[in-house]
Amino acid sequence: MTTSLRLVFAIIIATTLQLAAHSQSLSVNNTGAVANASSILDVSSTGKGVLIPRMNKAQKNAIASPAAGLLVYQNNPDSIGFHYYDGTKWVYLAVGFADSTSWKITGNANITASNFLGTTNDSALRFRIRNLPSGIVDSISQNASLGYRALQNNSTGYGNTALGYLSLDSVTTGYWNTAIGHLVMPNNQTGYDNTAVGNSAMQTHRVGYANVSVGSGSM
């Protein structure tokens with residue numbers, strides 16, 4: 001019995017020697033080195049690593065009241081890798097934008113019929129060029145535009161459709177206008193129910209309504 005107790009104590013002491021406390025810091029190693037003074041925990045090894053808790057996405061999201069800075073390794077079903085909690089949400093530490101669910105500027109090879117580029121709430125889908133409005137699809141105002149600075153100054157106008165460079169650029173409160181082409185109705189501000197198709201069609205139009213213009217430079 002005495003021999004067994006001595007053996008247990010010896011094992012405990014040998015294990016404890018690997019955990020060296022220094023200035024309220026803890027070092028974990030097999031050399032007896034003290035912890036770095038700037039670290040509360042100093043782990044060092046030349047043959048082993050630190051293993052962070054591994055769990056799937058559902059398990060990660062089920063963690064109750066995660067602390068800011070909490071780190072886990074998500075092992076499935078997507079975004080496999082390290083995630084940390086920033087105080088309000090989980091953040092994926094993607095390496096080289098490796099997130100399998102993200103859209104990449106070099107293209108994606110895993111797109112299926114369930115994937116889409118857009119919104120899942122009532123916010124409009126917006127596009128910018130040179131950080132200037134150049135496209136919008138809005139389910140609330142029913143405005144739709146595509147083209148550099150097309151419909152960029154709209155405030156309360158609704159039901160407008162603009163396609164082309166600077167088309168309906170100046171519209172602020174106008175509505176039900178349709179402009180298709182380069183520089184089409186660029187000066188229209190409050191006019192409504194106008195339709196213009198063609199290069200520079202209705203270029204000087206500002207406030208009229210119910211006009212129809214088709215052709216390059218028309219009206």
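Leu 166 is buried, with a relative accessible area of 11%; buried here means under 20% relative accessible area, exposed means over 50%, and partly exposed lies in between (1.4 Å probe, protein chains only). Leu 166 is found in the loop between strand S11 (161-163) and strand S12 (178-180), and its phi is near 60 degrees, a positive value in a residue other than glycine. Helices (H or I, at least four residues) and strands (E, at least two) are DSSP runs, numbered from the N terminus.

This is a predicted model, in which local features need pLDDT of at least 70 and side-chain atom pairs count only at pLDDT 80 or more, while totals for chains, interfaces and linings use all residues. Residues are numbered from 1 along each chain as its sequence is written, and side-chain values use heavy atoms, with hydrogens and water left out.

The protein has two helices and 14 strands. Of its 219 residues, 28% count as buried. Among contacts (heavy atoms within 4.5 Å) between residues at least 6 apart in sequence, 1% join residues at least 24 apart.

Ser 218 lies in the segment after strand S14 (212-214) and is buried, with a relative accessible area of 16%. Leaving aside neighbours within four places in sequence, Ser 218 is in contact with Ser 200, Ala 201, Met 202 and Ser 213. The side chains of Ser 218 and Ser 213 are joined by a polar contact of 2.3 Å, that is, a pair of N or O atoms within 3.5 Å, of which, within protein, one must be able to donate a hydrogen and the other to accept it, residues adjacent in sequence counting only if both atoms are side-chain atoms.

The loop between strand S5 (71-74) and strand S6 (81-85) holds Pro 77, which a cis peptide bond with omega of about 5 degrees joins to Asn 76. Ser 79 lies in the loop between S5 and S6 as well. Although Ser 79 is not a glycine, it has a positive phi of about 45 degrees; Ser 79 is buried, with a relative accessible area of 10%.

The pockets come last. On a 1 Å grid over the protein atoms alone, a pocket is an open set of points where a 1.4 Å probe fits, with protein on both sides within 12 Å along at least five of seven lines, and lining residues have an atom within 4 Å of a point. About 280 Å³ of space lies in the largest pocket. Of the 17 residues that line it, Arg 126, Ile 136, Leu 151, Gln 152 and Asn 154 are the closest to its centre. S9 gives the most to this lining, with four residues.

Terms used
Points joined across faces, edges and corners; volume = space filled by probe spheres on them.
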